[in-house]
Amino acid sequence: MLSDVTTPQDLDDRFRDRLTTLDAADERRDPGEPVVDGALLTGARALDLFDAQVVSRQLDLAGRWLRSFGEGFYTIGSAGHEGNAAVAAALRPTDPALLHYRSGAFYCARAAQATPPASEDDSGSAGSGPFTPVYAEAARDVLRGMVASTREPIAGGRHKVFGRADLAIVPTTSTIASHLPRAVGLGIALERLRRLDPAGRRAGNEVRLGGGGGAQHAPWPADAIVVCSFGDASVNHASATAAFNTAGWSDHAGLRIPVLFVCEDNGLGISVRSPKGWVETALRSRPGIRYFAADGGDLVEAYAVATEAAAWVRRHRRPAVLHLSTVRLMGHAGADAETAYRTTAEIEADLDRDPVVAAAALLTRVGVATGAELLARYDEIGWQVRRVAEEVLDEPKLASPAEVVTPLAPRRPVRVARAVADAATRASGPGAAARAEAFGGKPPELSGPLTLAQSINAALADGMLDHPQMAVFGEDVAAKGGVYGVTKGLRDRFGPARVFDTLLDETSILGLGLGAGLAGMLPVPEIQYLAYLHNAEDQLRGEAATMQFFSSGAFRNPMVVRVAGLAYQEGFGGHFHNDNSVAVLRDVPGLLIAVPARPDDAAAMLRTCLASAAVDGSVCVFLEPIALYHTRDLYAEGDNQWLAEYAEPGAWSGGHVPVGRARVYGVGSAEDLTIVTFGNGVRMSLRAAAALAEEGVGTRVVDLRWLAPLPVGDLIREAAATGRVLVVDETRRSGGVGEGVIAALVDAGYVGAARRVAGVDSFVPLGPAAHQVLVSEDAITQGARTLLAR
Ligand SMILES: Cc1ncc(C[n+]2csc(CCOP(=O)(O)OP(=O)(O)O)c2C)c(N)n1
């Protein structure tokens, strides 16, 4: 009967049947000896791994049980993948691990590995209780995840993930393969930190995992390697191919990258089969990535090959992939009726390769244990797991919006302001000599008025001086100094270890930022054009922005992503270099979006972003209006009013721009009209306001500066001051920033008049046609007049 082989009960029955029919060995084997002649694995170790596998299996069964009466919320299990316990055993518990959602046995094995038994009595070896306190804790972690308990150790009820800071297990998201670019970035960053001159590290070999109430330090050893696991269907995903390519490219370029990819191949992606041989062909053919393969149903082989692969990666600091064959038992998840797309014979064949049965058969065959003993362990573990499941059932759930969002994006503005002040003190005190040298004796405050691009360049240099762990990277940022010269000279000043060109792949650039942040660096990646962020936005949305949320702040990936964007570039037209939409960023919870319009704001806001990233682990997008990079004039040619002096360090604190604070310009009486805008809109609005002033209209122009969080307080105050609000939004009418501004006014009970001028819902066309869809000064003036005529 088909249904007989797909339910938890029948998997359990089948396991019992098999174990009662296993032939016992003639003699007992010394558990301290290799489990079979010539094996790396001892009998005792194999028994420990069997226990880890059984804990994982029983967790799967408990997950289905919890679901059956509506108390469990997650039924994707690890059944059939328990061979990954051998992979955990082949690694060190301090090797950062980013795990597949079928890594229950890895999780349990690592927990046991990280906490060796205090005494013989605690040991999982034959003759003592198999459900050790360590397994009890690991099982409790997983069960708490299933019931969304706030006591779950990593996500606190926000998701069911495998993660625990003390086990160096970094939580991953449900987006398959999206953790691979991060894993590659982490590998590159660990190696870079290892090699960086000591001044580039805060402390020895420690890496900063900061979070919550303050920085934590995880002693990831200098020779740590990164392990990341995923399924066979995931191999095809763009994020996976990006990660493999970046690993291979880096290796080819001579960079060290200690990452072990582990593909757990069960032959299926939900219902879609991986074509026979495809996964091996795909993995073998990755340039620069060494291929290892093992049968996940054979503990001895899996452990031996995983050990060889891990040792190879550790020794050579080069990437490798371990192709671990597995089976999938009990379907993709609880609700999956796999009989709809698999034959009975296929399902039966998988059951015949049950890795836990295989481990039991091995232990019995060689005389480490009898079938009855193993069954007793299985039952003992099963009973205990069920008991823990009952205990966690009633644990508290997240019960208020505040509880849910607390770790999402912590903001400590006072500390951020203090960090800026401290940076200023260092720059003018102990760091003054290094600063003078870095700027070639001529600091930017003595260079006269600067453009936006020059100001950002100077602030980046000051950031590099103040944050030894900061790195600037992206396409063309190093040798060329950026397409617009914004990063010019930084590589010469700070060296190629901290300012470097990447390959042309935005997913990998952000992945590098994610991994680097996790490793304790302060990454400042550049996305060359806003349009190309869309290639890779899940790395920001799904990975970066969720890390503190799904780890309760135990892990974080601070970063400041510089993005050149927005429209109005003269002479360089077309949508892709003039993308004027930030909708995709504005709804990412916790993301901080800065849009500096003027040079002086740009430097101050960049300092704020760097400080916020360092202090709070913030994920910041620093959106730079390309068209203003080299703009000098405001009203008339040669007036130089769009330039600004760079503040000397003594003025940084006084000129600090807190997150979410706007800047207001009064024009004329400033009493008739409030224009709310940002980016290119600021300059256009100031020009329009000057024209209106000649007609006797007084305007206050509000530069939002921050698109997330919006400066709501400033906005409301300035709107109320005139009772007439014109929103000048260079993004599009639909989904544009203006929608958020108007909504904020409505929410606050604003009762005055309001109008919007916004970009047309279109991509930006080439050449002069761009002006057909973009906001113009004329449209602003017209909008103002209409509003004033009411
Ligand atoms: C990017 C993305 N697309 C679709 C899904 C939905 N989904 C969840 S698991 C899965 C199949 C993954 O198969 P595989 O990588 O082989 O892992 P397995 O579940 O077989 O272990 C799919 C399509 C997802 N989680 N992420």
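The following exercises, each with a worked solution, examine selected residues of a predicted model.

Residues are numbered from 1 along each chain as its sequence is written, and side-chain values use heavy atoms, with hydrogens and water left out. Because the model is predicted, local features need pLDDT of at least 70 and side-chain atom pairs count only at pLDDT 80 or more, whereas totals for chains, interfaces and linings use all residues.

**Exercise 1.** Determine where Glu-152 lies and which backbone nitrogens its side chain reaches.

*Solution.* Step 1: Glu-152 belongs to the loop between helix H5 (133–146) and strand S2 (169–170). Helices (H or I, at least four residues) and strands (E, at least two) are DSSP runs, numbered from the N terminus.

Step 1: Glu-152 is buried (under 20% relative accessible area; exposed is over 50%, partly exposed in between; 1.4 Å probe, protein chains only).

Step 2: The backbone nitrogen of Ala-155 is reached by the side chain of Glu-152 at 2.5 Å.

Step 3: Beyond its neighbours within four places in sequence, Glu-152 is in contact with residues including Asp-141, Arg-144 and Val-161 (contact means heavy atoms within 4.5 Å).

**Exercise 2.** Assign the backbone features of Ala-168, Arg-705 and Pro-709.

*Solution.* Step 1: Ala-168, in the loop between H5 and S2, has phi near 55 degrees, a positive value in a residue other than glycine. Ala-168 counts as buried because its relative accessibility is 4%.

Step 1: Arg-705 is found in the loop between strand S19 (699–703) and S20. Its phi is near 65 degrees, again positive in a residue other than glycine. With a relative accessible area of 8%, Arg-705 is therefore buried.

Step 2: Ala-708 and Pro-709 are joined by a cis peptide bond, with omega about -5 degrees. Pro-709 is in the loop between strand S20 (706–708) and helix H24 (712–722).

**Exercise 3.** Describe the surroundings of Gly-515.

*Solution.* Step 1: Gly-515 is part of helix H18 (residues 506–518). Its relative accessibility is 0%, so Gly-515 counts as buried.

Step 1: Not counting residues up to four places away in sequence, Gly-515 touches Arg-182, Gly-185, Leu-186 and Ala-189.

Step 2: His-179 is 336 residues from Gly-515 in sequence, yet the two are 9.5 Å apart in space, C-alpha to C-alpha.

Conventions. Lys and Arg count as positive and Asp and Glu as negative; His and the chain ends are not counted. A salt bridge is a side-chain nitrogen of Lys or Arg within 4 Å of a carboxyl oxygen of Asp or Glu. A polar contact is a pair of N or O atoms within 3.5 Å; within protein, one must be able to donate a hydrogen and the other to accept it, and residues adjacent in sequence count only if both atoms are side-chain atoms.
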